[in-house]
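Hi,

Here is the structure I promised to pass on.

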Amino acid sequence: MTFWDDLPQPILGLAPMDGVSDQPFRHIQKKYGHPAIVYTEFASVEGICTGDLRLLKDFLYDESQRPIIGQIFGRTPECYLKSAIMLCQLGFDGIDINMGCPTKSVSQRGAGAALIKTPDLAQEIVLAAKQGVHDWRNGANVRDCKDLSADYAMQVEARHARLPAEFRKRRSVPVSVKTRIGYDRPQVGTWIPQILESEPAALAIHGRTLEQGYSGAADWTELAVAADMVRSAGVPVLGNGDVTSYEDAVRRVIEHGMDGVLIGRASFGSPFVFCPVDEQPVDPYYRIHIALEHARL
């Protein structure tokens, strides 16, 4: 049993967005919109394994954000194993592997959505991250990751020591995947069964291909086909792309057979997108108050 088993249905979550969903943004969204789950911005596993201390800022969060999922990307399985150990020690509730980023700086390295073209490697990566969680539960810690400096390990240990007792325990941390419907065309019929073979704890799927990037419309017909496959495997499935409101999210869940959706760009300046319209504040000055709070954070 993990937090995925206890989430309210339908699951409405805040999508991870590089350069957007940092600690202050997530805090505001969780406080005023109450999404069921939030993800960090992604960080490179290769960067983590070279001891880049700057990446630790991407994994800042506060207790109000639970369940909080740490997202990572890259293409080196051994680095995923070590990064998973670190995320467990930092107290994250879940680990998510980004197999959906379409930007050239990521995909040209064979990471993000480019992993759709290398399904064997994608499966190996999921298994490596799960092995890292297994090693953590059996006593491993960042000190065992020889690539990390003593200073890096000390900072992780200091954060671990400040966690509530419940989250300092060596508990099971589920590994999920966020991906897309295909590389240059929809290919859910082959790609989704391949990634399901690695038994992720949950699967979030964006309704565009890598080549589309963020242009054009998300293909929810393809998402419905993918959802049917994922549900048959007993895995929670979340749709992503062009969801504009709470009511739109609920409609898409029902019509396309999802367990939930992730909302991204519609949350910009509007944490209430996760709330029914009749529960949203009407005073425009209230949004100014929230904007100031966000700026201070």
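Ala36 sits in the loop between α1 (23-33) and β2; helices here are DSSP runs of H or I with at least four residues, strands are runs of E with at least two, and both are numbered from the N terminus. Before I go on: this is a predicted model, so to speak, with local features needing pLDDT of at least 70 and side-chain atom pairs counting only at pLDDT 80 or more, while totals for chains, interfaces and linings use all residues. Residues are numbered from 1 along each chain as its sequence is written, and side-chain values use heavy atoms, with hydrogens and water left out.

Back to Ala36: this residue is buried, at 15% relative accessible area (buried is under 20%, exposed over 50%, partly exposed in between, with a 1.4 Å probe and protein chains only). Setting aside neighbours within four places in sequence, Ala36 is in contact with Leu7, Ile11, Leu12, Lys30 and Pro67, contact being heavy atoms within 4.5 Å.

Next, strand β4. Six of the six residues in β4 (residues 68-73) are buried, so the strand is largely enclosed by the rest of the structure. Ile68, Gly70 and Ile72 point one way, Ile69, Gln71 and Phe73 the other.

What does β4 pair with? Pairing needs at least two DSSP bridges between two strands.

- β2 (residues 37-39) runs parallel to β4, joined by two bridges, and Tyr39 stands opposite Ile69.
- β3 (residues 43-44) is also parallel to β4, over two bridges, with Ser44 and Phe73 as bridge partners.
- β5 (residues 94-99) pairs with β4 in the parallel sense over four bridges, and Gly94 in β5 stands opposite Ile69.

From β4 the chain crosses through helix α3 (residues 77-89) to β5, a right-handed β-α-β crossover (with the strands pointing away from the viewer, the path from the first strand over the helix to the second runs clockwise).

Last, the surface. Tyr285, Ile288 and Leu292 make a nonpolar patch of about 350 Å². Leu292 belongs to helix α11 (residues 284-296) and is partly exposed, with a relative accessible area of 44%.

Cheers

Definitions and conventions
Patches are made of residues with over 30% relative accessible area and no salt bridge: like charges are joined within 9 Å, nonpolar side chains (Val, Leu, Ile, Met, Phe, Trp, Tyr) within 5 Å. Accessible areas come from the Shrake-Rupley method with a 1.4 Å probe; for residues, only the protein chains shown count as cover. A salt bridge is a side-chain nitrogen of Lys or Arg within 4 Å of a carboxyl oxygen of Asp or Glu.
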